Amino acid sequence: MRVTHLAVAAFLALPLAVTTASAGPGPAPLPFSISSVLPAPAEAIPGSESFGLTRDTVITAGGPAAPIAEQLAAAWRPATGFALPVAADPQNSAIRIGLDARMSGEAYRLGVDRDQVELTAGSLKGLFNGVQTLRQLLPPEIESATIQKGPWTIPGGVINDKPRFAYRGAMLDLARHFHTPDEVKRYIDQISRFKINFLHLHLSDDQGWRIQIDSWPRLTTVGGAKGTGVRGLGGGFLTKNDYRDLVDYAAQRYVTIVPEIDMPGHVNAAQVAYPELTCDGVAPRPRIDIRVGYSSLCAGKEITYRFAEDVIRELAAMTPGPFLHIGGDEAHSTPHADYLSFQQRVLPLVGKYRKTAIGWQEIAAVRTDAIVQYWNHQAPLETTQRVIMSPADRAYLDMQYDLLTPGGLHWAGTTEVRDSYSWDPGTLLSGVPEELVFGVEAPLWSETLTDLAEIEFLAFPRLVAIADIGWSRKSDWDSFKMRLGAYGPRWTRQGVHFYSSPQIPWS
Ligand code: TNX
């Protein structure tokens, strides 16, 4: 096995070595410019000079900006082999990273010329965004874990950038198949490269319960046990420590975790653990199939609300982010009047524990200030509440690319890269004015997903399409496909198992 892998690696390395050697001693023309970035910057003006990173390059960053500079240096050290020290002293530094009180929010400014690289923003989040841009401005070899030849040339120019929407999310379903903290971290690493700033974790469903709740311990000892999940292959759960560690890991990458407990439907796993949560008190059988819409909490029982409040309270206590998602989708076996009375009691509990509620589209039937997540592309939505756009036929990463590609479902149709890119979240719904669009989210449901390679194959590259339209005002497929094509070798270097769509001119 080992030998085969080495042989493949050697074979792959060969054409690269040949290319480098034939480039000759002069400065090689850069294969990309300052505007080849994903997602597309608001403004990018190419310059005529470029900046060469050398073994003497120093990064300066004063005070609070130092950890961001350190992240940049850490990303660039393995492939360059350069020391790239981070210093507080602004003298004779070639790369300067610093806060500028005249700027605000997530915006950043990047200027590159022959002598220096200057990155400024009004917040650390803004600087982090700028670093993600900067990382894309060195050639793909920079993604390697071992020293590469270079040269390390950053194309010159100026970028003035800020996002179109405040919320740019990804969602991962841990309920249908549990995904380990390491897999979730790896996903966070990837999504944060594209300025995705929220990760919604779908933590409970009919097939499993994946987050420790101390006041209802059987939720995880039973609902997260081995043998839960689709086909019985997705057991496991996050302890509170695992969860807090994930929250911290995400925060270092300026990603905020949005936990979801789905209610009043999608609760079979909770009811297997606690039969008193059903109306008749009889335990349902555990479910490992992928049907939806058959389970419901009992709106007429007081224990239902004790359960909901305990879960919301514990989840809120371990979640520093402002949002808590309470599901609310596909409650087909909850009578409509019960659905309304359930939500009218439960939604205020989210506020009681100082979080803002997000609910799937169906929640719009209840008049509250919850944020509505649009998903059902066949059901029109009209609301005066804020909306996160996740139309299933565009943004669902678990839809198959075409009927022959492995993994995923196709109930909302097949979704090639161009389908995920070609829509405008601000104008898609006539019943939702653009001012109410809080942002976009790309959900990845896990019915068919057991491991990271399968996750990556469905997420990449479509997640980047959603990130691009969530960040950028521009819509230009020809530009997007070129930028994406140029990104492919980065994923290859990182070992990301992406789908090489025939629509994209991969380099
Ligand atoms: C619909 S979309 C669901 C999920 C499934 C998904 C599969 C939504 C809010 N609910 O329960 O996992 O389709 O694509």
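Q: Which residues count as being in contact with G431, leaving aside its neighbours within four places in sequence?
A: L381, E382 and T383 are in contact with G431, where contact means heavy atoms within 4.5 Å. The model is a predicted one, in which local features need pLDDT of at least 70 and side-chain atom pairs count only at pLDDT 80 or more, while totals for chains, interfaces and linings use all residues. Residues are numbered from 1 along each chain as its sequence is written, and side-chain values use heavy atoms, with hydrogens and water left out.

Q: Why is G431 called buried?
A: Its relative accessibility is 16%, and buried means under 20% relative accessible area, with exposed over 50% and partly exposed in between (1.4 Å probe, protein chains only). G431 therefore counts as buried.

Q: Where in the fold is G431 placed?
A: G431 is in the loop between helix 11 (417-421) and strand 17 (437-444). Helices (H or I, at least four residues) and strands (E, at least two) are DSSP runs, numbered from the N terminus. A83, 348 residues from G431 in sequence, is 55 Å from G431 in space, C-alpha to C-alpha.

Q: Why does V158 count as partly exposed?
A: V158 has a relative accessibility of 23%, so it falls in the partly exposed class. V158 is in strand 7 (residues 152-161). Not counting residues up to four places away in sequence, V158 touches I34, E43, A44, I45, R109, L110 and G111.

Q: Why is H179 called buried?
A: The relative accessible area of H179 is 0%, and H179 is therefore buried. H179 lies in the loop between strand 8 (167-173) and helix 4 (181-192). Not counting residues up to four places away in sequence, the residues that H179 touches include L172, V184, S446 and I455.

Q: What does the side chain of H179 reach at 3.3 Å, and what at 3.4 Å?
A: At 3.3 Å the side chain of H179 reaches the backbone oxygen of D173, and at 3.4 Å the backbone oxygen of H177. A polar contact is a pair of N or O atoms within 3.5 Å; within protein, one must be able to donate a hydrogen and the other to accept it, and residues adjacent in sequence count only if both atoms are side-chain atoms.

Q: Which residues come nearest to the ligand?
A: R176, Y396, D398, W411 and E447 come nearest, out of 13 residues around the ligand. A residue is near a molecule or strand if one of its heavy atoms lies within 4 Å of it.

Q: Which atoms of the ligand lie 2.7 Å from R176, 2.6 Å from D398 and 2.9 Å from D329?
A: A polar side-chain atom of R176 lies 2.7 Å from an oxygen atom of the ligand. A polar side-chain atom of D398 lies 2.6 Å from an oxygen atom of the ligand. For D329, an N or O atom in the side chain is 2.9 Å from a nitrogen atom of the ligand. The protein covers 97% of the 360 Å² of accessible area that the ligand has on its own, by the Shrake-Rupley method with a 1.4 Å probe; for residues, only the protein chains shown count as cover.

Q: Why is D398 called buried?
A: At 2% relative accessibility, D398 is placed in the buried class. D398 is in the loop between helix 10 (392-395) and helix 11. The C-alpha atoms of D398 and G408, ten residues apart in sequence, are 4.7 Å apart in space.

Q: How many helices and strands does the protein have, and why is it called as compact as a globular protein of its length?
A: The protein has 14 helices and 17 strands. Its radius of gyration is 24 Å, close to the 23 Å that the globule rule gives for 507 residues, so the protein is as compact as a globular protein of that length. The radius is taken over C-alpha atoms, and the rule is 2.2 Å times the number of residues to the power 0.38. Buried residues make up 57% of the 507 residues.
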